[in-house]
Amino acid sequence: MSEPGDPTGRVIAPVPRITVQAFCETGEVAGAIEAASGDRRMQKAHTRVQMGGAPAAVEAYRSAPTPNVIIVEIGTAKGNPLSALDSLAEVCDAGTKVVVVGHVNDVVLYREFIRRGVSEYLIAPIDPVSVIAAISELFCDPAAEPLGRTIAVVGAKGGVGASTLAHNLAWSVARDYGTATVIADLDIAFGTAGLNFNQDPPQGVAEAVFAPDRVDANFVDRLLSKCTDNLSLLAAPATLDRPTDFVEGAFDGVIDVLRASVPCIVLDVPHAWSAWCRRMLIGADEIVVVAAPDLTSLRNARNLFEVLRQARPHDRMPRLVLNGVGMPKRPEIAVAEFAKALDAPVAATVPFEPALFGTAANNGQMLAEVQPGAKVTETLSELAGSLTGRAETRRGRGKLLEPLLARLARRKAS
């Protein structure tokens, strides 16, 4: 079964706080727009869908202001589609963007629509993701840098090593794929990113959360602590001087700033179920759920997957990572059984290696710094590539060298 979402792997920017009204001729198009309106990237927009096509739109706006975006289906009803669009143009306010859903793949008609000021032309049948992408792109600055990808990592229960894996994933994205990355430790009270990277910055994510009015690109940049050439840390203070029962959108500002300036942001989300934690997970481009091979993790992971699947119907399902597999004398749920019970594949399994993980934690190092050739570092590198859409590129580079390596091997054998 193919994964839902944008097949190109691009990141679709959240739609700003706008009004969208659609006038449809068919139930299929209306249903796709209704489904799009419930997507996480459309949560700020107010969307209304009704039937009647262009004539209904013209009638609706004869004595009412037009919204930010009008989506109109043209082509199934009798009449000239261009004259229907001209009638709509007569009642549209300046600044309103019009998206036409048509049923004819005709370049001449498309050019006429664009010449008349149509912002986008979609050919039916349409799907919710194409609708979201079309609306989002209407409000994106063409000169702006591409939006950064957010990867949220959360544990199915406490103590499964989700933070450790989040930090190592971010390090792998930065090192193995040469991508500028920020690891954001969102566990204000008990975060461990500073310890794991051997950093003790005077400021971090708390300053942004407790002073949201000050958040802008320059302010956030001052809060970042440099770990490597491509990796920066937004640390948590790990102090108990203030409670952390934040409002739902407490982290929105800092995440928006990071997405606009960094290609990859890894969010170390604490194991909690507050409104803001839920928002961080649902709003992420990719989600990694870390679990131990035990019954509690299985139950909690299943609950998480159910909630996230319902809240993110047009996104790829969360990636499941089983950590600490193979602990001696501990009864475990087999990997295949865990995946079957969850009805989801296991994206990666991380073996129980207490010496490696303990040494890295005590030294403030990443796993690959302690033991570069360890199997777990290769596993995390592959997962990092998959999460960022870079795995195929890396494998492709390897294939370019295969003929040369084969010739060298033959020479050595002869």
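Some conventions before the structure. Residues are numbered from 1 along each chain as its sequence is written, and side-chain values use heavy atoms, with hydrogens and water left out. Because the model is predicted, local features need pLDDT of at least 70 and side-chain atom pairs count only at pLDDT 80 or more, while totals for chains, interfaces and linings use all residues.

I begin with the five-stranded sheet. The sheet is open, its strands pair in parallel, and their order is β2-β1-β3-β4-β5. Strands here are DSSP runs of E with at least two residues, helices are runs of H or I with at least four, and both are numbered from the N terminus. Two strands pair if DSSP finds at least two bridges between them. The edges are β2, residues 46–51, and β5, residues 120–123; each has a single partner strand, so one side of each is left without a neighbour in the sheet. On average, neighbouring strands of this sheet are turned by 15° against each other, direction ignored.

Helix α1, residues 27–37, lies across β1 (19–24), β2, β3 (69–73) and β4, and runs at about 170° to β2. For such angles, axes are lines fitted to C-alpha atoms, for helices over the stretch in contact, and the values run from 0 to 180 degrees between N-to-C directions. Contact means heavy atoms within 4.5 Å.

The peptide bond from Ala124 to Pro125 is cis, with omega near 0°, and Pro125 sits in the loop between β5 and α5.

Next, the eight-stranded sheet. This one is open too, with mixed pairing and the order β8-β9-β7-β10-β6-β11-β12-β13. Its edge strands, β8 (225–226) and β13 (346–351), each pair on one side only. Strand β9, residues 231–234, pairs with β8 in the antiparallel sense over two bridges. Ser225 is opposite Leu233 in β9. Helix α10 packs on the sheet, touching β6 (149–155), β7 (181–185), β9 and β10 (264–268), and its direction makes about 150° with that of β10. Helix α13, residues 335–342, also packs on the sheet; it touches β11 (286–291), β12 (319–325) and β13, at about 150° to the direction of β12.

Ala238 lies in the loop between β9 and α10.

As for annotation, UniProt places "domain: AAA" at residues 149–311, in an unreviewed entry. UniProt positions are in the numbering used here, feature names are shortened, and annotations may be inferred rather than shown by experiment. Over residues 149–311 the chain is 42% helix and 18% strand, with the end C-alpha atoms 19 Å apart.

How much space lies in the largest pocket? About 890 Å³. The search uses a 1 Å grid over the protein atoms alone: a pocket is an open set of points with protein on both sides within 12 Å along at least five of seven lines, a cavity is a set where a 1.4 Å probe fits but cannot get out, and lining residues have an atom within 4 Å of a point. Of the 33 lining residues of the largest pocket, the closest to its centre are Ile12, Ala13, Pro14, Leu147 and Arg259. Elements giving two or more residues to that lining are α5 (128–138), α10 (252–261) and α11 (275–283). The largest share, five residues, comes from α10.

Finally, the whole structure has two cavities of 30 Å³ or more. The largest cavity holds about 60 Å³ of space. Its lining includes Asn168, Trp171, Arg175, Leu367 and Thr377. Helix α6 (162–176), α15 (367–370) and α16 (375–388) each supply at least two lining residues, and α6 gives the most, with five.

How values were computed:
Grid points are joined across faces, edges and corners, and a volume is the space filled by probe spheres set on the points.
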